[in-house]
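Please read them alongside the coordinates.

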Amino acid sequence: MKILGIESSCDETATSVVEDGRKVLSNVVASQVEEHKLYGGVVPEIASRRHTEAISQITTQALDEAGVTMDDIDAIAVTAAPGLIGALLVGVNFAKGLSMATGTPLVPVHHLRSHVASNYICSPDLKPPFLALIASGGHSHIVRVDDYTKYTVLGQTRDDAAGECMDKCARVLGLPYPGGKNLDAVSQNGNPKAFAIPHPHVADSEYDFSFSGLKTFVINTVHNMEQKGEEPNVPDMGASVITTVVDCLAGNTEKAALQYGYDNIVLAGGVSANSFLRGRFTSLCKSHSWTLHMPELKYCGDNAAMVAAQGYYEFLSGVRAGPDLNARPTMNIEDAFQV
């Protein structure tokens with residue numbers, strides 16, 4: 001079964017053809033990073049316009065690279081939530097038009113479920129149940145994946161997401177967009193103990209996260225140093241920030257895995273590309289004899305292969321959408337689209 005995936009939730013326009021939820025036949029991404037770098041972050045209106053300009057062309061390219069036509073496609077899977085509403089609407093409306101024009105079933109997909117599904121591509125033998133940490137610029141979740149379309153949130157951020165925290169710390173340190181990626185790169189030889197950054201905890205929920213205070217501490221520390229005419233050591237501060245964030249992510253995930261008895265651990269989301277996080281989870285899982293699954297770096301960020309992979313399982317569960325499908329800027333990963 002071949003699924004055409006369409007992704008436009010933020011600043012990457014992507015289309016892909018995936019067979020049986022695991023085999024990637026094509027995966028095309030039109031990145032806007034260089035343009036948004038001029039502004040230090042994603043400008044939603046620009047992102048929407050670029051999606052509109054690119055989506056038809058890259059869909060044709062994805063079909064060509066896969067060696068198929070729309071007659072060979074069994075369903076169209078599109079990211080319908082969550083994300084930037086203007087950006088989402090481009091993908092959703094294009095997918096609806098393509099579905100109506102070709103008579104191909106339309107399957108709405110949740111963006112975070114897609115990030116989890118990137119591991120089905122990279123770990124062909126991976127099957128639920130397992131425990132997943134989803135960490136990105138907008139989300140930080142610990143999720144029980146009970147089945148391909150059944151999720152239970154155990155913990156999530158109360159304020160800033162892990163990726164958002166690192167992005168903002170990178171900005172105050174003068175690093176260009178994308179901040180998290182550049183912070184990771186500059187911190188490789190930094191001293192993670194150079195700055196005593198507090199480890200935030202959420203008192204009434206042992207699996208929830210809070211990164212807002214950590215971010216504020218770093219911003220205030222850097223500003224105070226600058227007011228005294230001092231220059232912060234960027235590699236040391238970067239390593240201290242990332243290590244603290246990773247401590248929180250790994251610590252809560254470890255507690256959840258031990259309490260619920262999981263020995264199959266999955267990383268997902270843009271932050272799963274972070275070298276510190278990948279290293280920590282590799283060591284953590286080895287110490288407990290757990291199996292760790294991580295997507296290849298090319299599937300960590302937003303892409304359409306992961307959308308098509310999850311769309312395959314949503315399609316099998318009976319999820320369909322019609323011309324009334326609308327994009328949603330927010331949506332709980334536990335919630336299913338109307339079948």
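1. Pro-82 sits in the loop that joins E4 to helix H3 (85-102). Helices (H or I, at least four residues) and strands (E, at least two) are DSSP runs, numbered from the N terminus.

2. This is a predicted model, in which local features need pLDDT of at least 70, side-chain atom pairs count only at pLDDT 80 or more, and totals for chains, interfaces and linings use all residues. Residues are numbered from 1 along each chain as its sequence is written, and side-chain values use heavy atoms, with hydrogens and water left out.

3. A cis peptide bond also runs from Tyr-177 to Pro-178, with omega near 0 degrees. Pro-178 belongs to the loop between helix H5 (162-172) and helix H6 (179-186).

4. Asp-20 has phi near 55 degrees, a positive value in a residue other than glycine. Asp-20 is found in the loop between strand E2 (12-19) and strand E3 (23-31). Its relative accessibility is 35%, so Asp-20 counts as partly exposed (buried is under 20% relative accessible area, exposed over 50%, partly exposed in between; 1.4 Å probe, protein chains only).

5. Ser-289, not a glycine either, has a positive phi of about 60 degrees. The loop between helix H9 (275-288) and strand E10 (291-293) holds Ser-289. Ser-289 counts as exposed because its relative accessibility is 64%.

6. Asp-74 lies in the loop between helix H2 (44-66) and strand E4 (75-81), and is partly exposed, with a relative accessible area of 33%.

7. Helix H4 (residues 111-122) has 12 residues and spans 18 Å from first C-alpha to last, close to the expected 16 Å (1.5 Å times one less than the number of residues). H4 is mostly covered, with 11 of its 12 residues buried; among them are His-111, Arg-113, His-115 and Tyr-120.

8. Helix H10 (residues 304-316) has 13 residues and reaches 18 Å between its first and last C-alpha, close to the 18 Å expected. H10 is mostly covered as well, with 12 of its 13 residues buried, including Gln-310, Glu-314 and Phe-315.
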